[in-house]
Amino acid sequence: LRSEGGTSFSALNVAFAGNAGLNDVKLTKLDFNFHTINVTGNAAVDDFQRLATNVILGVDAKDLKALGDVLPQHKDMLIGGRLKVDTKVDGLLSDLSKLKTTVDMDTKLTGADLKMKLDVRNAKAPALSLNMRSNEMDLDKLLGPFLPKDTGAKPAPAAKPKTETAKTPPADPNAPPPEDFKLTEEQKDMLKDADMSLDILMKKITYDQTEIKDLTVKSEVKGLNTKLDPFAMAIFDGNISAKGSLNLGADPIAFTGAFDMNAVQVQEIVSLVAPEHANVLVGKANFDLDLNGAGTTPATLSKTLSGAGAFAFLEGTANGGSIAEQLAAKLNGFISDSSITKAADGVFDQAAKLLENPVIKASPAGQKFNLDQERQKYQSFSTIQITDKMQADQDLKDTKGSLEIKAGRVYITSAKASDSGSFDLNSSVGLDMSLGGKATFTASKSLKEHMKAQSQYADLMFDKQGNFALDLALAGSAMA
């Protein structure tokens, strides 16, 4: 076999020996050599009706460097690389419940290593275990040669077109509603005796400039019940873990789970789900959620999904629509729509007419009264500004809250105190990402003093207890 350049030559050596009878066949020797890869083994099939089979196959390559001629895209990874695989098959091909298989693999490349053991105790049930260990796995090096080449820096998320908006085609009213996923009776029968386990530990994974450490996955399947405990990894400067169970025998399938996130960079998670909103939330947060439900369609989940949890920002900022801007707009609307403001305009108009009366005009009080000055004082009421005192309220540090899932919506409750006042959030997000609820702002003592310094009539906006509060109605889409 000549390499692509035609200058080097590699021999492919194959040697085997065996014998065959009327009801059996034996391969007593198999030697296969290519470059530095050596394959050895033997095989036997006794009784062609029962197909009693025994196969032993070994692959041993202590230096994979020479394969760089065959796999030039991975030439650097193959330097100093090694591979060892031992496979055994023993049992009846005519009865898979009596067929056993083991595969042991140990490989080391530059930037990647993997040890794997597959033990199939019953190929029909199936009953098997899979164990995987790795200290380093650079998926960029492994998969990069097969992916489109990056011509430069990653482009910024495309801006949404202003004139044309992509619209989801309307649902066909005559189309049948989507059905929840469920196993057929035949599939249930195939899995009723299943006994499978998965045990994975990967110390370091690199992919697309993202580093994952200590990826741990332990899962088992017993019949129609699946358990995951735990799924854990260190990613985005924090830790994420989850556990849960799944009942495949239920109709619809039922599940329970718990999810925890500690000190994770929130914007990294947002960028995975909705890259165009990657900078809306920036900072570190803790998050935990317990949930249970059944079904896989939105219609069923809206009825069955329930859960509760909590969140807390350790640091960060909200870079979406400014709360200060929304409150300023609310304040302006509050003042302009206030009956006090409308009544005051009428009072000053009537006062102007009264001052034109000769008797009042000639009186000492009428001569001392300056209508324009009084009007100017009252107009200060309509120019009260609080936005300048609230710019820091985009800071999310120490913001905490609770989560509850019920009736197809996620209810979010949180409270945040700042120099300008306190924010109480009672919102909800639906499975369709519809937003509802309200946010209430209550001004602090310092902010109320700031308001009174701007207008002597600011007290008119306070309630009987001397508080100034604004309610913000939440609507639209949570991803808008």
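Reply: First, what counts as a pair: rings of Phe, Tyr and Trp (its six-membered ring) pair if their centres lie within 6.5 Å. Planes under 30 degrees apart are stacked, over 60 edge-to-face, and the rest tilted. Also, keep in mind that this is a predicted model.

Me: OK, how many aromatic pairs does a search of the whole structure find?
Reply: The search turns up 3 aromatic pairs. One of them is Phe311 with Phe313: the planes are at 80° and the centres 6.5 Å apart, so that pair is edge-to-face.

Me: And is Phe311 buried or exposed? What about Phe313?
Reply: Phe311 is at 15% relative accessibility, so it counts as buried. Phe313 counts as buried too, at 13%.

Me: What sort of pair do Phe462 and Phe468 form?
Reply: A tilted one, with 55° between the planes and 6.2 Å centre to centre. Both Phe462 and Phe468 are buried.

Me: Which residue lies over the face of Phe462?
Reply: Lys448 does, at 6.0 Å from the ring centre.

Me: And what sits over the ring of Tyr411?
Reply: The charged end of Lys406, 5.4 Å from the ring's centre.

Me: Switching topic: where does Thr101 lie?
Reply: In strand 6, which covers residues 99-109. Thr101 has 17% relative accessibility and the cut-off for buried is under 20%, so it counts as buried.

Me: What does Thr101 touch, leaving out residues up to four places away in sequence?
Reply: Lys88 and Val89, plus Leu118, Asp119 and Val120.

Notes. Residues numbered from 1 in each chain as written. Predicted model: local features only at pLDDT ≥ 70, side-chain atom pairs only at ≥ 80, totals over all residues. Heavy atoms only, no water. Buried < 20%, exposed > 50% of the residue type's maximum accessible area, 1.4 Å probe, protein only. Lys NZ or Arg CZ within 6 Å of the ring centre and 35° of its normal. Helix = DSSP H or I, 4+ residues; strand = E, 2+ residues; numbered from the N terminus. Contact = heavy atoms within 4.5 Å.
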